[in-house]
Amino acid sequence: MRILVSGASIAGPVLAYWLTRHGFDVTVVERAPTLRKTGGHAVDLFRPAMEISAKMGVLPRIEALATGTSRLTMYREGRPRPTEIDLTKIYGASSDRHVEIMRDDLSEIYYDAARDDVEYLFGDSITAIDHGGEVTFERAPARRFDVIVGADGLHSNVRRLVFGDEAGLTRFIGGYLAVVSAPKALVNDAEMVGHVGVGRVAAIYTARHLDDARAVFLFRSKQELDYDHRDSLRQKGLLRNAFEGMHPQVDRWIGEIDRTPAFYFDAISQLRLDIWSRRRVTLVGDAGYCPGPAVGGSTSLAVLGAYVLAGELARADGDHLRAFAAYELQMREPVHLSRAFARGAAKGIIPGSRAGVWALTRGAQLVSLMPGSLSRAVAKLNTKGVRLYDSMPVPDYTGADV
């Protein structure tokens, strides 16, 4: 059975790995000419993604490239004295098994896990998909596949081609995220420095193995801003306006956007599709159910979704319609819970009032001061809140090979 996967970031390589292990013939097409190394930001892997990574044999490499950020120096806008926060306590409260890693590093690790068993078509993209599985490419000759999977992110090309008007069913949840590459000397290893004010948050961090630091900016907006997602000049202007006059440190970070080798900007939006499959095509990860960048645990959700899709295709012995139905049933609850969590997280992480700023800093400080055992015990009572991702089950597909 021949399966085409569009996208080589996170979900695509994980899906390719498990499909090949279950006995499928896999091709991955990626628009970029090589594996993307675009700067990006740190992502969180929670218990389910950690378990799946362990099954793949890549967990030691993931842990070796963890950012290692363990403390946060947080300034409230207008206040000269910072609050010191022990991030290991925060992570411990949210998950029993957690790693923060740069997105590019994680993508490369997953890619390496199955690169010798998968056909990769870099520098190409899908231009058409017909009902029988015939796929037309921008450069490569047309070919027929039994299943086509869109793993190509929030702005999915496959979703646009197959779902038409429904492809744009997104819900803006009130904020924007930007990431800028900055000089490593601006922050110490293992430390994050942050500034929080009404409607805006800025922070900077690095990792031992990085050559640079990453400045992250989140800000609120009552309505969606007018820009093209490929127009970086317009995006940089919006970012400057949002953080003007926040703090001299933040001004310094913003000053890097004219020199940065890597820049990312996007709305914090949720994809609202409730059906991810049509005929021979299905979607996985952010292409099908992005809960919201930076607020919804989308990386762990993508890893889980890719693992489940591959397992259900194997369990159904290649009957893709039966597999798609089982995949959507298995992922429906995690997706809906992650959407609800992300909407609340967006409001909490980017406070909309002075009271919200106080609550965010004070809450983080209290968790930091608590004994770790107590904060974990309290957090475990809320499996739909901070413990949401740890509570998601990982099915066992042992023996389900085609």
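Guide: Welcome! Two strands count as paired if DSSP finds at least two bridges between them. Helices (H or I, at least four residues) and strands (E, at least two) are DSSP runs, numbered from the N terminus. What you see is a predicted model, where local features need pLDDT of at least 70 and side-chain atom pairs count only at pLDDT 80 or more, while totals for chains, interfaces and linings use all residues. Residues are numbered from 1 along each chain as its sequence is written, and side-chain values use heavy atoms, with hydrogens and water left out.

Visitor: How many bridges join strand E4 to E13, and which way do they run?

Guide: Six bridges link E4 (residues 71–76) to E13, and the two run parallel. In this pairing, Thr-73 has Val-193 of E13 as its bridge partner. E13 also pairs with E14 (residues 200–205), through five bridges and antiparallel. There, Gly-194 stands opposite Ala-203 in E14. E13 and E14 form a hairpin with two residues between them, and Gly-199 in the turn has a positive phi of about 80°.

Visitor: Which way do the residues of E13 point, and are they buried or exposed?

Guide: In a regular strand the side chains alternate between the two faces of the sheet. Buried means under 20% relative accessible area, exposed over 50%, and partly exposed in between (1.4 Å probe, protein chains only). In E13, Glu-191, Val-193, His-195 and Gly-197 point one way, Met-192, Gly-194 and Val-196 the other, and all are buried.

Visitor: What is the order of the strands in the open sheet of three?

Guide: The order is E8-E9-E10, with antiparallel pairing. Strands E8 (126–129) and E10 (143–144) are at the edges with a single partner strand each, so one side of each has no neighbour in the sheet. E9 (residues 134–137) is joined to E10 by two bridges, and Val-135 has Arg-143 as its bridge partner in E10.

Visitor: Which residues touch the most other members of the largest nonpolar core?

Guide: In soluble globular proteins, nonpolar side chains tend to be buried together. A nonpolar core is a set of buried Ala, Val, Leu, Ile, Met, Phe, Trp, Tyr and Cys residues joined through side-chain atoms within 4.5 Å. Here the largest has 81 residues, and Ile-62, Tyr-110 and Val-284 touch the most other members. Helix H10 (residues 298–315) gives the most to this core, with eleven residues. Another core, of 27 residues, lies apart from it and includes Val-201 and Ile-268.

Visitor: How many residues of helix H5 are buried?

Guide: Nine of the twelve residues in H5 (residues 103–114) are buried, among them Leu-106, Ile-109 and Tyr-110.
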